[in-house]
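Hi everyone, thanks for coming.

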Amino acid sequence: MTTVGIISDTHGRLQPEAAAALATCGHIIHAGDIGDPGILLELEALAPVTAVLGNNDFNEYGAHVGRFAHPVIDGVRFLVAHYPHDVKVTFAGSAALAPGDPLPQVCVHGHTHVPELVTGPDARPATLVLCPGAVFRPRSGFPRCIAKVEVEAGRLLSARIETLDGSAVMEWAG
């Protein structure tokens, strides 16, 4: 089983509590608005990192950080983008997927600074659409949050959005 830690909207500040909350993860996804290449280096000291560019990022992170990412982690297909509309897959397709690309099981976005955990018909064709909220300037009355997704052998087991002290904000079990 792999725990995937998901973070977004650090805006150049990775609080020690956020790094501590991700310390047990086997892989980390950063959904944009990174704000400083040093943040990715700090996260990479904890686990392998997949990151995408946000609207406040510039092309300073290298060729491996672009607008979209399609990691497969422990057999589970992820689609990662900063903007919520970029992870919506419709019958017309998606800017993030080329024709014939496999459909994602988990769609991850940032940008809104508001945690979101969507399942069922509103998430289709994915099983889950999530935004981890933000660790910098959260909005809509939410605290600073991250997300954790448990995956194993191609199966999505659970998802949880939590505060930096580990309190659950939203949860889903597969």
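Let's start with His30, which counts as buried because its relative accessibility is 0%, under the 20% cut-off for that word. Please keep in mind that what you see is a predicted model.

Where does His30 sit? You'll find His30 in strand S2, which covers residues 27-30. Its side chain has a polar atom 3.1 Å from the backbone nitrogen of Gly32. If we set aside residues up to four places away in sequence, His30 touches Ile7, Ser8, Asp9 and Thr10, then Ile39, Leu40 and Leu43, and also Thr50, Ala51, Val52 and Val80.

Now let's move to Phe142. This residue belongs to the loop between strand S9 (128-132) and strand S10 (145-152). Is Phe142 buried or exposed, or something in between? With 28% relative accessibility, Phe142 counts as partly exposed, because that term covers values between 20% and 50%. Leaving out neighbours within four places in sequence, Phe142 is in contact with Val114, Pro115, Val169 and Met170. His113 is 29 residues from Phe142 in sequence, and their C-alpha atoms are 8.7 Å apart in space.

Last stop: the pockets. How much space lies in the largest pocket? It's about 190 Å³. Its lining is made up of Val89, Thr90, Phe91, Gly93, Ser94, Leu97, Ala98, Pro99, Gly100, Asp101, Leu103 and Pro125. By type, seven of these lining residues are nonpolar, four are polar and one is charged.

How values were computed:
Residues are numbered from 1 along each chain as its sequence is written. This is a predicted model: local features need pLDDT of at least 70, side-chain atom pairs count only at pLDDT 80 or more; totals for chains, interfaces and linings use all residues. Side-chain values use heavy atoms; hydrogens and water are left out. On a 1 Å grid over the protein atoms alone, a cavity is a set of points where a 1.4 Å probe fits but cannot get out, and a pocket is an open set with protein on both sides within 12 Å along at least five of seven lines; lining residues have an atom within 4 Å of a point. Grid points are joined across faces, edges and corners, and a volume is the space filled by probe spheres set on the points. Ala, Val, Leu, Ile, Met, Phe, Trp, Tyr, Cys and Pro count as nonpolar, Asp, Glu, Lys and Arg as charged, and the others, Gly among them, as polar. Helices (H or I, at least four residues) and strands (E, at least two) are DSSP runs, numbered from the N terminus. Buried means under 20% relative accessible area, exposed over 50%, partly exposed in between (1.4 Å probe, protein chains only). A polar contact is a pair of N or O atoms within 3.5 Å; within protein, one must be able to donate a hydrogen and the other to accept it, and residues adjacent in sequence count only if both atoms are side-chain atoms. Contact means heavy atoms within 4.5 Å.
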